[in-house]
Protein chains: 2
Amino acid sequence: MKIGELAKLTGCSVQTIRYYEKEQLLPSTRRSEDNFRLYDEASAEQLLFIKLCRGLDLSLSEIRQLLALKCSPGAQCDEVNRMMEAHIQQVEARIRELTQLHEQLRALRGHCSNQRTVEQCGILQTLSSNQN
Amino acid sequence: MKIGELAKLTGCSVQTIRYYEKEQLLPSTRRSEDNFRLYDEASAEQLLFIKLCRGLDLSLSEIRQLLALKCSPGAQCDEVNRMMEAHIQQVEARIRELTQLHEQLRALRGHCSNQRTVEQCGILQTLSSNQN
DNA sequence: GCTTGACTCTATAGTAACTATAGAGATTAA
DNA sequence: TTAATCTCTATAGTTACTATAGAGTCAAGC
């Protein structure tokens, strides 16, 4: 199948597919006589794997590592576990950061109500005080 | 004071200060005879304001708007309130996303323990199944 | 036979908010 | 005099795409 068909099948954009090839997440495929890329079932599966990983917010470089590991099925899978663990901790850290941030923003919002002038605005006053 | 001093005083890097000037968050300052940027107390205050806003994850473009508003003290401050509200909702949405993601990642982690081969790895198997 | 639209290709630039580097000039201390 | 430290400008790199330009190919419809 050609790239457009693969795109429709997987829900990735045509540009994204070409980008993944350039970034070595998808192998360079054979080409038709007119130099069009030709894909098969295996291409679609690999692309869906990538898409699933991206949905878990894994970086392209992490996904590259996973793909490499998939190619040596006899190896220990500790690295996969380690990567997941690290990723989970990153997500947890980010959630903690954002939760704190949310608290600060809510406190800040409480400093002003509508119908004031900029000069009286409790939010701007707080931000201008250089406290905290 | 020169740029290095301002950097030390505010905890911003020298490049960041120059970048903010280029992005119009800081005004172009007067220069010394040798073409060095010269700053005063007001510069430091504005930079700290920016830094505080960045700490709240406000974008440079949002900060630019806030700075513009600060310059018309008689105006209504509704826009400040609206911006904060929108920002808070963004943060809340991101927290929800990450929390869901965290669930998925934890479930995935449960599929594999160490000491397996890549072939048996429950994580890779799950990711390869193209379910979900 | 010709035009139009839909598809493909490559290469390049833009996004956000910096960070890092190169190459040059000026000042200060030893 | 030399070396270190500061400043300047301009440019490239980061991430994961997305958008665009410009060119070629193919099929359908007139």
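Reader: Which residues does Lys70(B) touch, not counting those up to four places away in sequence?
Author: Happy to start there: Lys70(B) touches Val118(A), Leu124(A), Ser128(A) and Phe49(B), where contact means heavy atoms within 4.5 Å. This is a predicted model, in which local features need pLDDT of at least 70, side-chain atom pairs count only at pLDDT 80 or more, and totals for chains, interfaces and linings use all residues. Residues are numbered from 1 along each chain as written, chains are lettered from A in the order in which they are written, and side-chain values use heavy atoms, leaving out hydrogens and water.

Reader: Why does Lys70(B) count as partly exposed?
Author: Its relative accessibility is 34%, and partly exposed lies between buried (under 20% relative accessible area) and exposed (over 50%), with a 1.4 Å probe and protein chains only. So Lys70(B) counts as partly exposed.

Reader: What makes H5(A) roughly antiparallel to H5(B)?
Author: The axes of helix H5 (residues 78-109) of chain A and helix H5 (residues 78-109) of chain B cross at roughly 155° and come within 9 Å. Angles over 145 degrees count as roughly antiparallel, so H5(A) is roughly antiparallel to H5(B). By class, their contact has 16 nonpolar, six polar and ten charged residues.

Reader: How do you know that the two copies are related as by a two-fold rotation axis?
Author: Chain A can be laid on chain B by a turn of 180° and a shift of 0.0 Å along the axis, with an RMSD of 0.1 Å; the superposition is by least squares on C-alpha atoms of residues with pLDDT of at least 70 in both. The copies are thus related as by a two-fold rotation axis.

Technical notes
Axes are lines fitted to C-alpha atoms, for helices over the stretch in contact, and angles run from 0 to 180 degrees between N-to-C directions. Helices (H or I, at least four residues) and strands (E, at least two) are DSSP runs, numbered from the N terminus. Angles under 35 degrees count as roughly parallel, over 145 as roughly antiparallel, 65 to 115 as roughly perpendicular and the rest as oblique. Ala, Val, Leu, Ile, Met, Phe, Trp, Tyr, Cys and Pro count as nonpolar, Asp, Glu, Lys and Arg as charged, and the others, Gly among them, as polar.
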